[in-house]
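My plan was to look things up one at a time and note what I found.

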Amino acid sequence: PNFYVRTANFLFKNYSNRLIKKGHLKDLSINIRKSGLNILIHSYVSVIFFNTFLAFFAGILIGLFLTFFGLKVVFAPIPIEFNLLAFSAFTLARNMIIWPLLATSFICLFSYYYPSLEVSSRKSKINDELPFALIHMSAIAGSGVEPTKIFRIISDTAEYKEFGKETRKVVNKINLYGHDLSTALKESARLSPSDKVRELFNGMATVITTGGDLKLYLEKKSADTMTEYKLSRRRFAEAAGTYADVYTGVLIAAPLIFGVILAVMAPLGGRVLGLSFQSVSVLGLVGIFILNVVFLAFMKLVQPSD
């Protein structure tokens, strides 16, 4: 482990082992194994404790900064301006409670659920690689090689970064643990983040056990998976057209109309919700910028991988 993990283990390993022995972290343990994070469960729990410990002191520093450098913070029904002149023990105590609590809560929850986020990310990547990997596997099976070599070839192929990790698990269980191929497939399927991979590995294990035609099974599976892949791409293309219409209406047409209205009303004077037209224009530009960034981030999240 790196220095950070070693430090976390040195400080919190005993507490981590107690929690693990009580059986409170089974879901976290499974998610860590599915996520592909190269860390042991007790080490990761120690990292969670260490992150929370550091977040507590970071929250104290944030509270001190906000208290002494005149930033406005609203955590009460009435906004209070914190600066050196309006300093009081109440404002300092409130910041010392609120910010450490917020920082520790956020960091602890994020650290705990981070493996599940990695599981979701790996699942998406594996499902994108699977149609092409299955075509490759069916071609290898058609050459008449031993079934175990199919997984060795796929795991050594650089094109399948995430699915190759799943096939490498099968190879390792055969070479290191001495399992037969059918058992290795079932064990690897149990800890795979992808439902499709679990179905594939369990199906292959059944075909091998019953003496079925593995080549035929992989050909049918690759055809079905590729059809599903094409349909998902087509659905995204149709949805992208809808997103484009929404973008045109909300972030192109609406700001233009908003700008024309402001240009007509500005010479007449007056205020909008207590703000001058100049302030409203600045807020509108900032809002448009933020909405564009949010839209780009949304498109990045929903679009399929290459």
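Is Lys165 buried, partly exposed or exposed? I looked it up in the model, which is a predicted one. Lys165 has 37% relative accessibility, so it counts as partly exposed.

**Entry: the partner of Lys165.** I found a salt bridge from Lys165 to Glu162. Their closest N and O atoms are 3.6 Å apart. Glu162 has 11% relative accessibility. Buried means under 20%, so Glu162 counts as buried.

**Entry: the whole chain.** I stepped back to the protein chain and noted 10 helices and 2 strands. Along the sequence I read the pattern α-α-α-β-β-α-α-α-α-α-α-α. The chain has 306 residues, and 33% of them are buried. I then checked contacts between residues at least 6 apart in sequence. Of these, 62% join residues at least 24 apart. The chain exposes about 18800 Å², with 66% of that supplied by carbon and sulfur atoms.

**Entry: other salt bridges.** I noted 10 salt bridges in the structure. One of them joins Lys196 to Glu228, with the closest N and O atoms 3.1 Å apart. Lys196 lies in helix α8 (residues 195–210) and Glu228 in helix α9 (residues 214–265), so this pair ties together parts that are 32 residues apart in sequence. Lys196 is partly exposed at 26% relative accessibility, and Glu228 is partly exposed at 40%.

Next I looked at Glu219 and Lys215, whose closest N and O atoms are 2.4 Å apart in a salt bridge. Both lie in helix α9, 4 residues apart, or about one turn of the helix. Glu219 is partly exposed, with a relative accessible area of 32%. Lys215 is also partly exposed, at 32% relative accessibility. I then noted a network: salt bridges that share partners join Arg122, Glu162, Lys165, Glu166 and Lys169.

**Entry: the largest pocket.** Which residues lie nearest the centre of the largest pocket? I listed Arg33, Gly36, Leu37, Asn38 and Lys169, out of 21 lining residues. Two or more lining residues come from each of α2 (26–35), α6 (163–175) and α7 (181–190). Helix α6 gives the most, with 6 residues. The pocket holds about 640 Å³ of space.

**Entry: a surface patch.** I found a nonpolar patch made of Val282, Val286, Phe289, Ile290, Val293 and Val294. Together they have about 550 Å² of accessible area. I picked out Val282, which is found in helix α10 (residues 277–302). Val282 has 47% relative accessibility and counts as partly exposed.

Definitions and conventions: Residues are numbered from 1 along each chain as its sequence is written. This is a predicted model: local features need pLDDT of at least 70, side-chain atom pairs count only at pLDDT 80 or more; totals for chains, interfaces and linings use all residues. Side-chain values use heavy atoms; hydrogens and water are left out. Buried means under 20% relative accessible area, exposed over 50%, partly exposed in between (1.4 Å probe, protein chains only). Contact means heavy atoms within 4.5 Å. Accessible areas come from the Shrake-Rupley method with a 1.4 Å probe; for residues, only the protein chains shown count as cover. Patches are made of residues with over 30% relative accessible area and no salt bridge: like charges are joined within 9 Å, nonpolar side chains (Val, Leu, Ile, Met, Phe, Trp, Tyr) within 5 Å. A salt bridge is a side-chain nitrogen of Lys or Arg within 4 Å of a carboxyl oxygen of Asp or Glu. On a 1 Å grid over the protein atoms alone, a cavity is a set of points where a 1.4 Å probe fits but cannot get out, and a pocket is an open set with protein on both sides within 12 Å along at least five of seven lines; lining residues have an atom within 4 Å of a point. Grid points are joined across faces, edges and corners, and a volume is the space filled by probe spheres set on the points.
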